[in-house]
Amino acid sequence: MKKKDLDGKKFEELMNELDSIVKELENGDADLEDSIKKYSEAMEIVKVCSDKLNNAEEQVNKILKSDGTLEDFNVSDEPQEEEE
Amino acid sequence: MQDEIKYYSVSQYNESIRRFIDSVPECHDVHIKGEISNFKGATRGHLYFTLKDEESRINAVMFKSAADKLEFTPKDGDKVLIDGRISVYTVSGTYQVYCDRMVPDGRGDLLKKLEELKKKLEKEGLFDAAHKRPIPKYPMHIGVVTAPNKAAKSDIISTIKRRFPVCQVILFPAIVQGENAKDSIVSMIREANDPKYNLDTLIVGRGGGSIEDLWAFNEEDVARAIYNSRVPVISAVGHEVDFTIADFVADLRAPTPTGAAEMAVPNMSDLINTINNYQIRLNENIYNKIKLLRKELNNYKTSYVLSNPLATFEIKSQKLDSYIDRLNMYINNKITLDKTKLEHIKTNHILMHPEELFIKNKNSIELYINKLKLLNPLNVLSKGYSLVNDNGNLVKSINDVKINDELNIRVLDGYIISNVKGVDKK
């Protein structure tokens, strides 16, 4: 699978794929060529997943305003209020 | 001294206590909540019962004039709010509450409504496990429907940020208590389902409060909005002990808002560990596989045949030799055998002395000749016998001839011609 295809996938899909390849390699008795192919594929997924986690900037939280637009907001900017 | 002590009757005492109590303003206007027990409706329309809570009880009476105004029929177990006064019933020397007004305790009423709604929705299948969608394990976009200025919101958001900072939170501010709460929550759940937000998970909830405060999450409309949500919903209402309808219908119930955030997202470091672990397993697997194959390969390499490539040839060549040997031996045997036979034939007596065979044959020929000589009819003639022919036929009887036939008589040295003169039978 090409890296580009992997980048487009959801993180969860990637993790599931990774899990199933690892299990397949561990349980099956695929021949060497196939194993190496799967191994490379899994390593590619590992890399994409790690990159997604490591390189992703911290997401800015949004709040839906009454006019229907989203506005950035940060929890720590606000005074903490006690629940009534 | 005895004369100085004044004794009062029971009635007098009870009466004075009643008067004392009636003079206390706090007893004129009391508001009590409790549960009805030992309820008795007297024939004349007065109601007698005991009002209790977990620890104590008080007798209560409601006279017909007040009872007629009741909007419900009280019974044992009802939780009620009572307005009235406290006074003493002198006959039995007990104090009791005289009820002017009594209404069902709203909370008890709410709980009853809640039970009914719960049963109805359960029957409809809204709580069925089959309808529960799995909560995505690694959500990148989470929606939160809650009050915008409450601790619950910051609990949820800060927990998500701490555990899984790559996840974006979109807050859908809702009114979470009071009259407008129900509609506000429903419209925000619907809004959050708009595909443009691309949400993986939706957290719906609020912090702790009284049952009245949490009530919006027991509303049927809210339950249905959660049920119909395309995005999987985690409910997070109040504290651990609080269960609302929203909790039953949600795909996952969290005990608290913070708990919801913890359930919604993985811990980043755990996740990185998981990925590293996969990597380790992959490497180990492929390493072991290659190691195993290398070992197998080595086994082949060191095998006798591969390390002595001529060996197979040698074995075959050896076999061929043995065939050749066997063939040679066979042929030789055969030749020897035939030679022996030939020698044997060669040494045969006859072959060694062929003249014997000639002599032997000559002798037997002579024997035959002699035999033939004996049989030669001419030999008989030499002894004086003769052969008589009549016109070419050998005469053996008198019947073979007629008178005057010319007979040809063969004797040893010639023929005698004669005529038949007569025959004489012997």
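The structure is a predicted model, in which local features need pLDDT of at least 70, side-chain atom pairs count only at pLDDT 80 or more, and totals for chains, interfaces and linings use all residues. Residues are numbered from 1 along each chain as its sequence is written, while chains are lettered from A and ligands numbered from 1 in the order in which they are written. Helices (H or I, at least four residues) and strands (E, at least two) are DSSP runs, numbered from the N terminus.

**Chain A**

- Chain A contains three helices and two strands, and from the N terminus on these elements follow the order α-α-α-β-β.
- Of the 84 residues in chain A, 17% are buried; a residue is buried if 20 or more other C-beta atoms lie within 10 Å of its own, exposed if 12 or fewer, and partly exposed in between, with C-beta atoms placed from the backbone.
- Two residues are in contact if their C-beta atoms, placed from the backbone, lie within 7 Å. Among contacts in chain A between residues at least 6 apart in sequence, those that join residues at least 24 apart make up 46%.

**Where chain A meets chain B**

- Two strands pair if DSSP finds at least two bridges between them. E1(A) pairs in the parallel sense with strand E7 (residues 168–173) of chain B over two bridges, and A:Lys62 has B:Ile170 in E7(B) as its bridge partner.

- Strand E1 (residues 30–41) of chain B runs antiparallel to E2(B), and five bridges join them. B:Ser37 has B:Thr50 in E2(B) as its bridge partner.
- The hairpin of E1(B) and E2(B) has five residues between the strands, and B:Gly45 in this hairpin takes a positive phi near 100°.
- E2(B) is also joined to strand E3 (residues 57–62) of chain B, by six bridges in an antiparallel arrangement.
- Strand E2 (residues 47–52) of chain B has B:Leu47, B:Phe49 and B:Leu51 on its covered face, and B:Tyr48, B:Thr50 and B:Lys52 on its uncovered face.

- A nonpolar core is a set of buried Ala, Val, Leu, Ile, Met, Phe, Trp, Tyr and Cys residues joined through C-beta atoms within 7 Å. The largest nonpolar core has 69 residues, of which B:Val145, B:Ile160, B:Ile185, B:Ile203, B:Ile226 and B:Ala246 touch the most other members. H2(A) gives the most to this core, with seven residues.
- Not counting residues up to four places away in sequence, B:Ile185 touches B:Val145, B:Ala174, B:Val176, B:Val204, B:Ala216 and B:Val222.
- Another core, of eleven residues, lies apart from the largest one and includes B:Ile36, B:Ala60, B:Ile82 and B:Val97.
- In helix H6 (residues 220–228) of chain B, the residues B:Val222, B:Ala223, B:Ala225 and B:Ile226 are buried. Seen down the axis of H6(B), its buried residues fall within an arc of 165°, so they line one face of the helix; the arc is that of the directions from the helix axis to the C-beta atoms.

**A four-stranded sheet in chain B**

- An open sheet of four strands in chain B has the order E12-E11-E13-E14, with antiparallel pairing. Its edge strands, each pairing on one side only, are strand E12 (393–394) and strand E14 (414–419) of chain B.
- Strand E13 (residues 406–411) of chain B pairs with E14(B) over six bridges, and B:Leu407 stands opposite B:Ser418 in E14(B).
- Strand E11 (residues 387–390) of chain B pairs with E13(B) over four bridges, where B:Asp390 stands opposite B:Leu407 in E13(B).
- E11(B) and E12(B) pair over two bridges, and B:Asp390 has B:Asn393 in E12(B) as its bridge partner. Their hairpin has two residues between the strands, and B:Asn391 takes a positive phi near 55° there.
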